[in-house]
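Me: I have a structure open and would like to learn how to read it. Could you walk me through a few features?

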Amino acid sequence: MALSSSVVVIGGGISGTAAAFELARRGVSVTLLERGELASMASGWTLAGVRQSGRHPAELPLASAAVTRWAGLADELDADVEYRREGNLRIALNETDVPTIREVVATGNAAGIAMLYLDGADAVREVAPALTGDLAGALFCPTDGHANPHLTVAAYAAAARREGATLRTGIAVTAIQTEGSRVVGVMTTEGAIACERVVLAAGVYTPYLLDPLGIRLPLSVVHVPAVQTVPLPRMLGQVLGVASGGFAGRQEVSGRFRLTGFSNPWNETWHDDDNVRPTTDQVRDTIEWATRLVPAIRQARVALVWGGLIDKTPDALPVIERTPEIDGLIVAAGFSGHGFCLGPVTGEILADLATTGTTAYPIAPFNRARLNSAHTPEAVASAVTLHG
Ligand SMILES: Cc1cc2nc3c(=O)[nH]c(=O)nc-3n(C[C@H](O)[C@H](O)[C@H](O)COP(=O)(O)OP(=O)(O)OC[C@H]3O[C@@H](n4cnc5c(N)ncnc54)[C@H](O)[C@@H]3O)c2cc1C
């Protein structure tokens with residue numbers, strides 16, 4: 001094989017670029033391979049909320065550590081990633097929604113995350129005056145926030161390159177090569193690359209590279225519509241969500257509203273520019289939700305619409321592990337619509353697993369075996385429908 005690297009990272013989303021950065025700054029020779037452009041899938045399609053609220057307890061230690069990391073990320077990467085810690089509001093539109101929202105507040109508080117229930121529209125509008133007066137209350141988690149996903153991935157990529165990593169786009173991995181039960185390289189659309197370890201962070205396409213190795217990762221894929229407006233005057237700092245978890249939105253630092261709608265099952269094998277677009281019904285529905293919550297958005301012109309795919313596990317928790325079957329293979333996938341926030345910590349964990357084989361982060365709940373056992377946990381309905 002002509003080319004070689006100690007570690008090959010597959011996937012140029014936030015998980016892969018963060019892993020490449022963490023590995024390179026530890027002095028590891030690392031090559032990242034991305035089939036399209038950096039952030040061309042979930043890490044670009046995302047709403048890019050950075051939140052602890054509404055998380056499964058197993059994810060909270062990672063989310064809390066990530067929120068701490070986000071505060072210093074611009075300095076760490078020497079680039080503006082437009083991170084803003086302005087809170088998250090999960091809206092109860094009516095009395096039926098209130099118990100659901102209050103339960104999320106109680107669960108978060110019990111886990112040590114400070115959040116409160118704002119009772120009534122006036123209390124909510126004191127925090128976010130742009131919201132409608134026609135609502136029952138909201139969860140408010142002040143330590144949640146949001147960031148610019150494209151700037152973040154670009155910043156990780158640039159920092160990784162500065163630390164000596166090689167990042168190549170437009171090159172797809174077609175197979176992970178093994179000898180016995182050990183990783184020896186990857187085959188790509190441009191030939192083979194020898195390596196000792198592979199970090200596989202290929203989002204919805206992760207199972208395609210695991211299947212030939214006899215490793216089953218049960219992901220289902222859902223499609224989410226997204227709408228972005230032209231810039232509007234500053235009116236909303238918080239990330240918005242609703243009790244059902246379907247709609248979410250925020251105002252970017254640019255002033256544009258970034259809105260995501262309800263998900264639907266995705267039954268295609270591959271996505272392309274055409275089949276991933278949302279339908280007019282999905283776009284209308286997303287805009288209706290947004291204007292219902294923030295009436296001023298009615299005046300906004302639409303700048304862009306797109307669709308995004310989410311890699312969903314049965315229990316809406318990710319798989320992050322060094323695979324027991326193949327020595328040198330590390331997998332991070334199945335973030336189920338909330339892996340952007342975790343990115344900085346995911347990168348650190350992947351670098352830990354690729355170098356020492358272990359990590360101080362509590363990742364036991366994210367082993368893949370849990371999904372293959374007869375006791376696969378029940379899907380957590382709110383977490384599964386939730387993105388943002
Ligand atoms: C609409 C939407 C809203 C969301 N909102 C939020 C949110 O508010 N907060 C939050 O925390 N999370 C959110 N998420 C989820 C979050 O964006 C993802 O969990 C996260 O971006 C996953 O990053 P990743 O790097 O693991 O995967 P991806 O970003 O999908 O990256 C995987 C990369 O691998 C590449 N690839 C695939 N196969 C190959 C191959 N064979 N060879 C080379 N490259 C390959 C792909 O091209 C892709 O770029 C949202 C997701 C969507 C779609």
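Predicted model: local features only at pLDDT ≥ 70, side-chain atom pairs only at ≥ 80, totals over all residues.

Me: Into which domains is the chain divided?

Reply: Domain bounds come from an automatic or database domain assignment. Here domain 1 covers 3-67 + 149-217 + 315-382, and domain 2 covers 86-143 + 220-312. Contact (heavy atoms within 4.5 Å) between them takes 26 residues from domain 1 and 27 residues from domain 2. Their C-alpha centres lie 27 Å apart.

Me: How do I read a strand such as β19, and which way do its side chains point?

Reply: In a regular strand the side chains alternate between the two faces of the sheet. Strands are DSSP runs of E with at least two residues, helices are runs of H or I with at least four, and both are numbered from the N terminus. In β19, Leu-329, Val-331 and Ala-333 point one way, and Ile-330 and Ala-332 the other. Buried means under 20% relative accessible area, exposed over 50%, and partly exposed in between (1.4 Å probe, protein chains only). Because 5 of the 5 residues of β19 are buried, the strand is largely enclosed by the rest of the structure.

Me: In which sense does β19 pair with β11, and in which with β18?

Reply: Two strands pair if DSSP finds at least two bridges between them. With β11 the pairing is parallel over 3 bridges, and Val-199 stands opposite Ile-330. With β18 it is antiparallel over 4 bridges, and Glu-321 stands opposite Val-331.

Me: Where is the nearest opposite charge to Asp-311?

Reply: Lys and Arg count as positive, Asp and Glu as negative, and His and the chain ends are not counted. A salt bridge needs a side-chain nitrogen of Lys or Arg within 4 Å of a carboxyl oxygen of Asp or Glu. Asp-311 is buried without one, and the nearest side chain of opposite charge, Lys-312, is 11 Å away. The backbone nitrogen of Phe-335 lies 3.5 Å from a polar atom of the Asp-311 side chain.

Me: Are Ala-48 and Asp-78 buried or exposed?

Reply: Most residues other than glycine have a negative phi. Ala-48 has a positive phi of about 70° and counts as buried because its relative accessibility is 0%. Asp-78 has a positive phi near 55°, and at 63% relative accessibility it counts as exposed.

Notes:
Residues numbered from 1 in each chain as written. Heavy atoms only, no water. Polar contact = N/O pair within 3.5 Å; in protein donor to acceptor, adjacent residues only side chain to side chain.
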